[in-house]
Amino acid sequence: MAEELKKKVMVSGIQPSGDLHIGNYLGPLRHWPEMIEEFDCYFFLADLHTITVRQEPAVLRRRVLELLAGYIACGLDPEKCTLFIQSHVPAHSLLAWVLDCYTMFGELSRMTQFKDKSARNADNINAGLFTYPVLMAADILLYQPDFVPVGEDQKQHVEICRDIANRFNGVYGDVFKIPEPYIAKVGARIMSLSTPETKMSKSQPEGCVFLMEKPEDIMRKFKRAVTDSDREHCVRYDPSNKPGVANLMQIYAAATGKSYEDIEKEFDGQGYGVFKPAVGEAVVETLRPIREEAERLLKDKAYLQSVYRAGAERARRVAGRTLGKVYKKVGFTEP
Ligand code: TYM
């Protein structure tokens, strides 16, 4: 037990707003199975965040189970970490309200994701989209983590979480641990295959490769991947001048563990016609066992239910402790 208490804590989540893609996997998720061996880890399905953009209820219900199966298939053994659905732990919403009152309008207005998403959903710029980072801060701070493993695009949200926590601690003493973002060097920002200047994202499916996609579809997307129009046609890591090639190299490096130097040597003298299918094949082979395991798990709904129920029970206990402390500090009367 004492050993358990000393372990460092990690928290992260993914939105079940679409299927898992290789940005989610090669960025943060592929590192999580190593982390559960060493840290006390909480990984959740961020369904509360998902409704900031309109969702089809039946599709959301299905995606939550698919994402949970995806987590387990990627190697998150539920016996070794806490896997749960965000909406099953009411403390997330309750703490978010308190933190809303310690977050400034101006700092939320500066969030890049808010600006991007409100541009893309101009007919539905709701208050939830605006206060999204506060809910995310609550998700994190409830578990008093040391690290938050995310991709590059979520760094700004972890930073605002730190600012909110510091502001709160400044008033009430050391209530929250101040977490660090934990961003992998390779895979932190996987770009779209069709427009390599933009991040790979489920909202642009043409340039996005999904974990559950059929191998032939994955191969087709890689063969069509945008490279560059220079005459050199050589595989060289140069993100400013050859963003498409650099992105494919990043994907290949993340999937195989090879360095950029090794990849340059491997494809020396060979054109993109050889390189692109090789990246596709490496991705197909990386994803094959995950897809097969997720398909198997999805047939066992009772097992998935037992996993998320046990996870929520544990998460509620831990989150409840932090929420209780916060309520006391701000002066709420004990019920
Ligand atoms: P989400 O669901 O958009 O993405 C989940 C994780 O995948 C990373 N990611 C990427 N990494 C590399 N390249 C890409 N193209 C790429 N696209 C996505 C994200 O950085 C993220 O780590 N707000 C979060 C979910 C969330 C959360 C949290 C995360 C809610 N509460 C608390 C950590 C802690 C989100 O929308 O991620």
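How far is a polar side-chain atom of D153 from an oxygen atom of the ligand? The distance is 2.4 Å. I count a polar contact as a pair of N or O atoms within 3.5 Å; within protein, one must be able to donate a hydrogen and the other to accept it, and residues adjacent in sequence count only if both atoms are side-chain atoms. Taken alone, the ligand exposes 710 Å², and the protein buries 97% of that (areas by the Shrake-Rupley method with a 1.4 Å probe).

This is a predicted model: local features need pLDDT of at least 70, side-chain atom pairs count only at pLDDT 80 or more, and totals for chains, interfaces and linings use all residues. Residues are numbered from 1 along each chain as its sequence is written, and side-chain values use heavy atoms, with hydrogens and water left out.

Back to the contacts. The side chain of Q15 has an N or O atom 2.8 Å from a ligand oxygen. At G151 a polar backbone atom lies 2.9 Å from an oxygen of the ligand.

Next, the helices and strands, which are DSSP runs numbered from the N terminus: helices are H or I with at least four residues, strands E with at least two. β1 (9–14), α2 (22–26) and α9 (127–141) each supply at least two residues of the shell around the ligand. α9 gives the most, with four residues.

α9 also packs with α8 (residues 112–120), at an angle of about 160° and with the axes 9 Å apart. That makes α8 roughly antiparallel to α9, a label used for angles over 145 degrees. Axes here are lines fitted to C-alpha atoms over the stretch in contact, and angles run from 0 to 180 degrees between N-to-C directions.

Last, the loop between α9 and β4 (147–149) holds Q144. Phi of Q144 is near 50°, a positive value in a residue other than glycine.

Notes
Angles under 35 degrees count as roughly parallel, over 145 as roughly antiparallel, 65 to 115 as roughly perpendicular and the rest as oblique.
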